[in-house]
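Please look over the sequence and the structure shown here before reading on. The questions below can then be followed residue by residue.

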Amino acid sequence: QLGVIVGMLTAEGLKTGVANPTLEGISLLDDVGVISSVSGGTWMITELIYSSSFQEMVHKMAADPTQMHSIFETEWLQPYLD
C-alpha cells in the first residue's frame, strides 16, 4: 500500500510539474470518504492518517522514489531497531 500511495503521489507530481508532491498539495485523497483496511494495511493507513512524521516520510519518498527503500529504512525501521 505504501508503494501505491508513493507511486500515485510521484506520478501526479510529474504530471503537474510539482517537484515535491504532498498529500495536501496534490489533494490525492480529498475525495476519499471511507477507508477500509486489514492487517498490515491498517498499520500503514493509520500512520498515514495520524502521524505527521510518517506523512513527511511519504512526501520525501514521492519527491525521490529511487531512494524509497533507504528513506524507509532510515526514517521508519531504524528508530525501532535502535
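What follows is a set of questions and answers about this predicted model.

Q: Which residues does Phe54 contact, leaving aside its neighbours within four places in sequence?
A: Phe54 is among the residues that touch the most other members of the largest nonpolar core. Phe54 is also one of the buried residues of H4. Leaving aside neighbours within four places in sequence, its contacts are Leu2, Met44, Glu47, Leu48 and Trp76.

Q: Which helices do the buried residues of H4 pack against?
A: The buried residues in H4 are Phe54, Gln55, Met57, Val58, His59, Met61 and Ala62. The helices that these buried residues pack against are H1, H2, H3 and H5.

Q: Are H3 and H4 roughly parallel or roughly perpendicular to each other?
A: The axes of H3 and H4 come within 6 Å and cross at roughly 100 degrees. On the H3 side the contact is made by Met44, Glu47, Leu48, Ile49 and Tyr50, and on the H4 side by Ser52, Phe54, Gln55 and Val58. Angles of 65 to 115 degrees count as roughly perpendicular. H3 and H4 are therefore roughly perpendicular.

Q: Is Met57 buried or exposed?
A: Met57 is found in helix H4. Not counting residues up to four places away in sequence, Met57 touches Ile71, Phe72, Glu75 and Trp76. Under 20% relative accessible area counts as buried. Met57 has a relative accessible area of 1%, so this residue is buried.

Q: How far apart in space are Met57 and Met68, C-alpha to C-alpha?
A: Met57 lies in helix H4, while helix H5 covers residues 68-81. In sequence, Met57 and Met68 are 11 residues apart. In space, their C-alpha atoms are apart by 9.1 Å.

Q: Is Lys60 buried or partly exposed?
A: Lys60 has its place in helix H4. Leaving aside its neighbours within four places in sequence, Lys60 is in contact with Ile71 and Glu75. Buried means under 20% relative accessible area, exposed over 50%, and partly exposed in between. At 43% relative accessibility, Lys60 therefore counts as partly exposed.

Q: Which residues does Thr10 contact, leaving aside its neighbours within four places in sequence?
A: Thr10 is found in helix H1. At 13% relative accessibility, Thr10 counts as buried. Leaving aside neighbours within four places in sequence, its contacts are Pro21, Met61, Ala62 and Pro65.

Q: What is the phi of Ser27?
A: Ser27 lies in the loop between H2 and H3 and is partly exposed, with a relative accessible area of 34%. Most residues other than glycine have a negative phi. Ser27 is not a glycine, yet its phi is positive, at about 60 degrees.

Q: Is Ser39 buried or exposed?
A: Ser39 lies in the loop between H2 and H3. Its phi is positive, near 55 degrees, in a residue other than glycine. With a relative accessible area of 61%, Ser39 is exposed.

Q: What is the relative accessible area of Trp43?
A: Trp43 has its place in helix H3. Trp43 and Leu23 are 20 residues apart in sequence and 18 Å apart in space, C-alpha to C-alpha. Trp43 is exposed, and its relative accessible area is 67%.

Methods: Residues are numbered from 1 along each chain as its sequence is written. This is a predicted model: local features need pLDDT of at least 70, side-chain atom pairs count only at pLDDT 80 or more; totals for chains, interfaces and linings use all residues. Side-chain values use heavy atoms; hydrogens and water are left out. Helices (H or I, at least four residues) and strands (E, at least two) are DSSP runs, numbered from the N terminus. The expected span of a helix is 1.5 Å times one less than its number of residues. A nonpolar core is a set of buried Ala, Val, Leu, Ile, Met, Phe, Trp, Tyr and Cys residues joined through side-chain atoms within 4.5 Å. Buried means under 20% relative accessible area, exposed over 50%, partly exposed in between (1.4 Å probe, protein chains only). Contact means heavy atoms within 4.5 Å. Axes are lines fitted to C-alpha atoms, for helices over the stretch in contact, and angles run from 0 to 180 degrees between N-to-C directions. Angles under 35 degrees count as roughly parallel, over 145 as roughly antiparallel, 65 to 115 as roughly perpendicular and the rest as oblique.
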